Amino acid sequence: MNRLSLLTGSALAACVVLAGAPASAQAVRPFDIPAGSLREALNGFAAQADQQIFFTADLVEGRRSEGLRGRYAPREALERLLRGSGLGWTETRPGVLVLRRTALAEETAVQVEDIVVTGTLLNVSGDLAAPVVTLDRAELDRRGYGTVAEALTDLPQNYAGSATPVVQLTGSDRGGSNAVYATGVNLRGLGPSSTLLLVNGRRLAGTGFRAEFGDASALPSAAVERVDVLLDGASALYGSDAVAGVVNVILRRRFDGQESRLRVSAAQGGAEDVSLSHMAGRSWGSGAVLGAYEYQTTRALSSLDRPYTADGDLRPFGGTDHRGLYASPGNILVYDAAAGAYRSQFAIRPGPSGVATGPGDFAAGEANLQISTLGADLLPASDRHAAYLSLRQDAGARLELSGDLRFSLRDFDFRGQPNVGLTTMSRANPYFVSPTGAASHIVGYAFGDEVGPIRRTGSSRSLGGTAGFRFALSPDWTLDVYAAWAEERGALRNTNRVNSRFVAEALGNIPDDPATAYSAARDGYLNLFGDGSTNSRAVLDFIRSGFTEARDRSRAASVNALVQGPVMDLPAGPLQVAIGGQARRETFDTRTRNFFSTAAPVETVLPTRERRIEALFAEGRLPLVSPEMGLAGVRSLEVSAAARVERYDDFGRTINPKVGLVWSPAAELTARATWGSAFRAASLPQIYDAPGASGAFINRPDGSSALALFLVGGNESLKPETAETFTAGFDWRPAGGVFSLTYFDTRFEDRIAQPVAENLLGVLGDPALSPFVTLVNPAGNAADLLLIQSYAGLPGFPSFYPIDTYAAVVDARWVNTGAVAVRGLDLSARRALSLDAGQLVLETSGSWILDYETRPTPVAPVRQVAGLIGYPVRLRARTGVRWVGDAVDLGVHWNHVSDYRDRTGRRIDAWNTADLQLGWSPGAGSGTRLTLTVQNLFDADPPFHDAATGFGFDPGQASLLGRVAALQLIRRW
C-alpha cells in the first residue's frame with residue numbers, strides 16, 4: 001500500500017469530528033460507511049478508524065461520498081472515500097489527519113509500505129473467509145488494560161483456566177508447566193499450546209519448563225499497534241500449534257514524534273500496578289526508525305487479603321473445611337490401613353511453657369487443623385522491563401530492508417506455601433514425650449510460624465529479532481525473505497525450604513554429620529512438640545537452608561521466504577498466489593539444582609534437545625464474481641485455498657490443507673466459511689522428559705484420602721495431535737452498524753495429554769481414568785511392596801512417606817489419547833449513531849459454547865463438559881454503550897460469565913460485573929489524553945466455589961481483585 005505525504009498548506013480553522021486515541025494506519029479492519037454527504041462519511045470513518053480529522057466546512061460543503069464497506073487499512077479506506085472529491089490528506093502527527101485540496105497534496109512522492117494481514121499470506125484488502133477479531137490501539141487504551149496479556153485474557157473466546165499466574169499459584173492449572181508465571185492464550189479452552197502466538201507474524205520461543213506456549217506478558221505493550229485474533233485453525237498457513245486459533249500481535253513500525261505513557265492502578269488489599277513507557281520515532285522519505293521502552297512494577301496479593309482464600313475453612317461460605325493435619329502445633333498421626341490414609345491420634349496442646357512435657361499436653365482423638373497454603377501469595381510481585389527497536393530503509397526503488405529487535409525481562413518474587421512435613425520423633429530426641437508410652441511417633445507439622453514460607457524468586461527473559469528484505473520483482477510481484485531468532489530463558493529459585501535430611505539430623509534420628517556445621521549436642525535439638533516459638537535460631541537456620549533451582553532455555557530460529565503476486569487477470573479480478581518455504585530449528589535445555597533431602601546440593605543437567613523442521617506452503621485467492629459483473633444475488637464470490645507440508649526430523653511429515661469461501665449477495669451482507677486440518681507437535685520436553693515420581697494424597701470415592709505415587713516423564717513415541725476445524729458465518733453491515741455471527745466446530749484426535757490431570761484429586765473414583773491407576777497394598781502384599789520399591793530411585797520420589805503406606809500408583813506420563821470436540825457460536829454487533837454533540841456507540845460481543853465433548857481415552861465414554869469446572873462456561877459476553885464527544889468519551893459495559901457446576905454437580909453462580917471508562921482530551925490536536933477506567937465497578941466478589949485447594953473461587957472464570965481503578969495519561973510530543 002502507498003503512504004501519501006502531503007506538504008503543509010495554509011492555516012485553517014479546524015473542527016474535530018471525533019476525538020479519541022488514534023489507531024495505527026496499518027490496522028486492517030471492517031468499515032461500514034453508507035453513501036451520502038462527505039461530512040457524514042468522514043464522521044463514520046473517524047468513528048470506525050479511531051482517528052482525528054481536521055477540515056474547514058467549505059472543503060466538504062456540497063460534496064458527496066459513495067460510501068465504503070469491507071476490510072481495509074484506514075489510510076486506504078480514506079483514499080477510497082475521497083476518490084474523485086478533489087481532496088487529499090496529510091498526517092500531522094500519528095492519528096491526526098488534516099484534509100487539503102489535491103493541488104497541495106500532489107507535490108510529494110509516494111512511498112511503499114507493507115500491510116500485515118492475519119489469516120492470509122497475501123497482502124490484499126477485502127473480506128477474509130476466516131473470522132478475525134481485532135483489538136486496535138484505541139480499543140486497548142479504552143479498556144484500561146495494563147498489558148496486552150490482560151486484554152487477551154479477558155476475550156470471551158479465551159479460557160483463563162490455564163497459563164496465567166493466578167491459576168498457577170492457586171494450584172488450579174491442570175498443565176502446571178508455567179514455572180515462570182507467564183501469561184498464555186487458551187482459545188476455546190483447548191490448552192495454551194493449541195493457540196499460536198505470533199509477533200509481527202513471527203513465532204516466539206516457548207516458555208515454561210515445557211516450552212509449550214508463548215508468553216503474551218513478555219511483549220512491549222506500549223509499542224503494540226493492534227492485536228489480531230484469528231478464531232480458526234490455521235496450520236495450513238502457520239504450521240504447528242495453530243489449532244484453536246492464532247494471536248498475532250502487530251508492533252508499530254512507523255511513528256513520527258514521541259509518546260509517553262503513565263498508568264497507575266490499584267485494588268483493595270494490594271496488587272498495585274504502575275507502568276511507564278516512552279516511544280520515539282522518525283520517518284523520512286526512504287525509511288523509518290522507532291524505539292520504545294516500558295517499565296512495569298506490580299505488588300503481590302496475599303491469600304490473607306480475601307476472606308474466601310484466607311484459611312481454607314470454607315464452611316462460613318457454604319463449603320467444607322479443607323484444613324489438613326500439617327499444623328503448628330502439630331499432630332501425632334497414625335496410618336489407617338483400612339482408609340489408606342493418615343489420621344490424627346493426638347493433637348499436641350503445649351502448656352504455658354510452649355512445649356508439651358507430659359501426657360496431659362496431648363488431646364486424644366482431636367486434631368490441630370491448618371491449610372497447607374496459609375499466607376501464600378496468589379499474585380506475584382514483579383518488575384518488568386521491555387524494549388523494542390524497529391528499522392526500515394529503502395535501498396533503491398525496488399528493495400526495502402527491515403529489522404526489529406525486542407527484549408523483555410520480568411523478575412518476580414512472592415511468598416509460597418509454608419514448609420510442612422511428616423516426620424518421626426523418637427526417644428533419641430530429649431524433648432520426646434509419648435502419651436501412650438511408645439518409643440516414637442509420626443508427627444504432622446507446619447514450620448510456617450518458625451521459619452516462614454518458602455520464598456520463590458525468579459525471572460523470565462525474552463529476546464527476539466528479525467532481519468529481512470522485500471524485493472519488488474515486478475510492479476505486481478514481491479519477494480519477502482527474513483531470518484528470525486527468538487529465545488526464552490526462565491529461572492526459578494525456592495529458598496527458605498526445609499531440608500528433610502537436616503530435620504532428621506536435628507531430631508536425632510540420624511547421627512550428627514561432621515560435614516555440616518551443625519551439631520545437635522552443641523546447637524540444640526529440634527522440638528516438634530512445641531507451639532512454634534521454642535526452637536533456637538541455630539536449629540531453624542540449619543533446617544531451612546534447603547533450596548531448589550531450575551533454569552531452562554528455549555530457542556527457535558528460522559529462515560523464511562515468500563513470493564506473491566497475481567498469476568492472471570480474470571473477469572472478476574486477479575488470481576492472487578503466494579508460495580513460500582521455511583527452515584526452522586528448535587532447541588530446549590534445562591538444569592536443576594536441588595537441596596531439600598540430601599546432605600549436599602544435587603545438580604541435574606539434561607542434554608540439549610533439538611528438532612529441525614522444513615516446510616513448503618502456498619495460498620491462492622480466486623475471485624469468481626465481482627460487483628462490476630452485475631449478477632443478481634451474487635454481488636461477489638471468492639474462493640481461497642492453502643496448504644502446508646512440514647517435515648519434522650523426530651516424527652515425520654504432516655500435510656494440512658485449508659479452503660475458504662466468501663460470498664456477498666448484497667453490498668451489506670457477506671457470508672463466509674472455512675474448512676481445514678491442523679496439528680500440534682509435541683513439545684521437546686513432552687518427548688524427552690526424564691522419568692520421575694511424586695507423592696500426594698488424593699480423594700477416594702467415599703471421601704477419605706489415600707496416598708498415591710504419581711509417575712511422570714516424557715514419551716518418545718508421541719505422535720502429533722491432529723484436528724479438523726470448520727467455521728461458517730456472516731457479516732451484515734447496515735448503515736452505521738455491523739453484526740457478525742460465526743459457527744465454529746473443532747475436533748481433536750490423538751490429544752497429547754496426561755489424562756489424570758483432568759481430574760487429579762478424583763482420579764480414584766473416575767472410571768474413565770481407571771486404565772492409568774493401579775491399586776496397591778504394600779503393607780499386606782509383597783508384590784506391591786516390590787513395585788513401590790522399584791520406583792524409589794526415581795527423581796522426586798518422596799522420602800518422608802513410609803514406603804508401605806501407598807494405596808495407588810497413578811501413571812501421569814504423556815500419551816496420545818482421547819479426543820475433544822468443541823462447537824459453538826461467536827457473536828459481535830456494533831451500532832453507531834451520529835448526533836449533533838457526538839456519537840453514541842452500542843456494542844456487544846460474546847461466545848456461546850453449544851457442545852464441549854471429551855473422551856479421555858479411546859475406550860472411555862464421551863463426556864459433556866461444557867459448563868463444568870475446568871472448562872469454558874456456556875456463555876461469556878460483554879455488552880455496553882459508549883458516548884464519544886469532542887473532548888470527552890464515556891463508556892459503560894456489562895460483563896457476563898454464565899453459571900456452571902463443579903464435579904459434584906454443585907452449581908457455581910453466574911458472575912456479572914460492570915466496567916466504566918472515562919476519557920478526556922483537553923483540546924483539539926493537543927496530543928494529550930487522560931483515561932480513567934474502573935473494572936468491576938460495584939466490587940462484586942467472584943462466585944463461591946468449594947475448591948479442594950481451600951481457595952473459595954475459580955480463577956479460571958473470575959478475578960479475586962474486586963474493584964480495580966486505573967488512571968492512564970498519554971502524551972504525544
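# A Conversation About a Predicted Model

Guide: Helix α3, which spans residues 74–82, is mostly covered, with 7 of its 9 residues buried.

Visitor: Which residues of α3 are the buried ones?

Guide: They are Pro74, Arg75, Glu76, Ala77, Leu78, Leu81 and Leu82. Please bear in mind that this is a predicted model.

Visitor: What is the average pLDDT of the protein chain?

Guide: The chain averages a pLDDT of 88, and 93% of the residues score at least 70.

Visitor: And where does pLDDT stay under 50?

Guide: One such stretch is residues 1–26, for which the model has 96 contacts beyond four places in sequence. Another is residues 103–114, with 34 contacts beyond four places in sequence.

Visitor: Which residues is Leu152 in contact with, leaving aside its neighbours within four places in sequence?

Guide: Leu152 is in contact with Asn158, Val185, Ala216, Val227, Val229 and Val247.

Visitor: Now the loops. Where is Ser221, and is this residue buried or exposed?

Guide: Ser221 is in the loop between β13 (202–203) and β14. Its relative accessible area is 5%, so Ser221 is buried. Beyond its neighbours within four places in sequence, Ser221 is in contact with Arg137, Gly146, Thr147, Val148 and Glu294.

Visitor: And Gly354, buried or exposed?

Guide: Gly354 counts as buried because its relative accessibility is 4%. This glycine lies in the loop between β21 (341–348) and β22 (362–364). Not counting residues up to four places away in sequence, Gly354 touches Gly530, Asp531 and Thr534.

Visitor: How far is Gly354 from Arg522?

Guide: Their C-alpha atoms are separated by 22 Å, and the two residues are 168 apart along the chain.

Visitor: What about Met629, where does that one lie?

Guide: Met629 lies in the loop between β33 (609–625) and β34 (636–648). With a relative accessible area of 34%, Met629 is partly exposed. Its contacts, leaving aside neighbours within four places in sequence, are with Pro571, Ala572 and Leu624. Met629 and Arg553 are 76 residues apart in sequence, and 57 Å separates them in space, C-alpha to C-alpha.

Visitor: A change of topic: in what order do the strands of the open sheet run?

Guide: The 4 strands of this open sheet follow the order β37-β38-β43-β42, and the pairing is mixed.

Visitor: Which are the edge strands?

Guide: The edge strands are β37 (692–699) and β42 (773–775), each of which pairs on one side only. On average, neighbouring strands of this sheet are turned by 25 degrees against each other, direction ignored.

Visitor: How many bridges join β38 to β43?

Guide: There are 4 bridges between strand β38 (residues 705–712) and strand β43 (residues 808–811), and these two strands run parallel. Ala708 stands opposite Ala808 in β43.

Visitor: One last topic, the backbone. Which peptide bond is cis?

Guide: A cis peptide bond joins Ser328 and Pro329, with omega about -5 degrees. Pro329 lies in the loop between β19 (301–302) and β20 (331–336).

Visitor: What is phi of Asp750?

Guide: Phi of Asp750 is near 55 degrees, a positive value in a residue other than glycine. Most residues other than glycine have a negative phi, and most peptide bonds are trans. Asp750 is found in the loop between β40 (737–749) and β41 (752–753), and at 29% relative accessibility Asp750 counts as partly exposed.

Visitor: And phi of Asp939?

Guide: Phi of Asp939 is near 55 degrees, again a positive value in a residue other than glycine. Asp939 is in the loop between β53 (928–935) and β54 (964–972). This aspartate is partly exposed, with a relative accessible area of 28%.

Key. Residues numbered from 1 in each chain as written. Predicted model: local features only at pLDDT ≥ 70, side-chain atom pairs only at ≥ 80, totals over all residues. Heavy atoms only, no water. Buried < 20%, exposed > 50% of the residue type's maximum accessible area, 1.4 Å probe, protein only. Contact = heavy atoms within 4.5 Å. Pairing = 2+ DSSP bridges. Axes fitted to C-alpha atoms, helices over the stretch in contact; angles between N-to-C directions. pLDDT = per-residue confidence, 0-100.
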